[in-house]
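Student: I am new to this structure. Could we go through how some of its helices pack?

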Amino acid sequence: MGINHFILALISLTCLFSFSTSTNAPPPLFDAPGSVSLKLNDMIEIMSESPSPFAFDGTILESIDDVLSILPEGVDPALQEICGNTDDPVECIKATMPFLDEKAPIEPLSVLKAGVEAMDNQTKNALAEVTKLSMDPTTLKNVVPILQTCIDVYNNILNNDQKSLEAISNHNLVKLSTKLGANVENVLGCENAFKQAKLESPMKEKDAELAKIISNTLTIGVDMVHF
């Protein structure tokens, strides 16, 4: 069974998705109308959480390259190629797609901008959540200073995001690399503060996702963008 069959099956929404260990007939992947991009984001979400290898339409997918090879036409091949060279291709596609400029060509620079915007959006969500926790009267008093550290961390990331966009506009590769690289360290700050206090961070999952976006964006900015 060829790749074209997979793509047609995905677009027509008649395919079924299952893990390789499942013996029950799985439900349809999508059961409601919507845009191709929204359906694709849902599909990528499932793929990113699925153990590898897994079965898809009777074929075993053993690597991220196999997954990328069956993505429907809603994902531009250029985006697949660019994200395929990052540490987390699925997260790269999932994070950047909503922020890509429809009028701009898909190239490392446009994907880089989308990555920075995705990073900014994820950081703002994390900042809103941690701020709410810090102001919650039920939050333990010894946790509030740690949450403040997290607030400082996210504000630093947001500041570097803006400076990264300025560096892109000014074609300043050195500044861009410095600010993106700083965020690789910054994103660890919240988790480390909770570890030092021997506590579980409530921001652990958001920080993990943010770290992937930061890592992917740094790779694109340093290895693929040439001013």
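**Helix packing**

Tutor: Leu112, Val116 and Met119 of H6 are in contact with Leu176, Leu180 and Asn183 of H8, contact meaning heavy atoms within 4.5 Å. Helices are DSSP runs (H or I, at least four residues) numbered from the N terminus. The model is predicted: local features need pLDDT of at least 70, side-chain atom pairs count only at pLDDT 80 or more, and totals for chains, interfaces and linings use all residues. Residues are numbered from 1 along each chain as its sequence is written, and side-chain values use heavy atoms, with hydrogens and water left out.

Student: At what angle do the axes of H6 and H8 cross?

Tutor: Axes are lines fitted to C-alpha atoms, for helices over the stretch in contact, and angles run from 0 to 180 degrees between N-to-C directions. The axes of H6 and H8 (residues 173-186) come within 13 Å, and the crossing angle is roughly 35°.

Student: Is H6 roughly parallel or antiparallel to H10?

Tutor: H6 (residues 108-135) packs against H10 (residues 204-224) at about 160°, with the axes 9 Å apart. Angles under 35 degrees count as roughly parallel, over 145 as roughly antiparallel, 65 to 115 as roughly perpendicular and the rest as oblique. H6 and H10 are therefore roughly antiparallel.

Student: What distance separates the end C-alpha atoms of H7?

Tutor: Helix H7 (residues 144-169) has 26 residues. The expected span is 1.5 Å times one less than the number of residues, so H7 should span 38 Å. The end C-alpha atoms of H7 agree with this, being apart by 38 Å.

Methods:
Helices (H or I, at least four residues) and strands (E, at least two) are DSSP runs, numbered from the N terminus.
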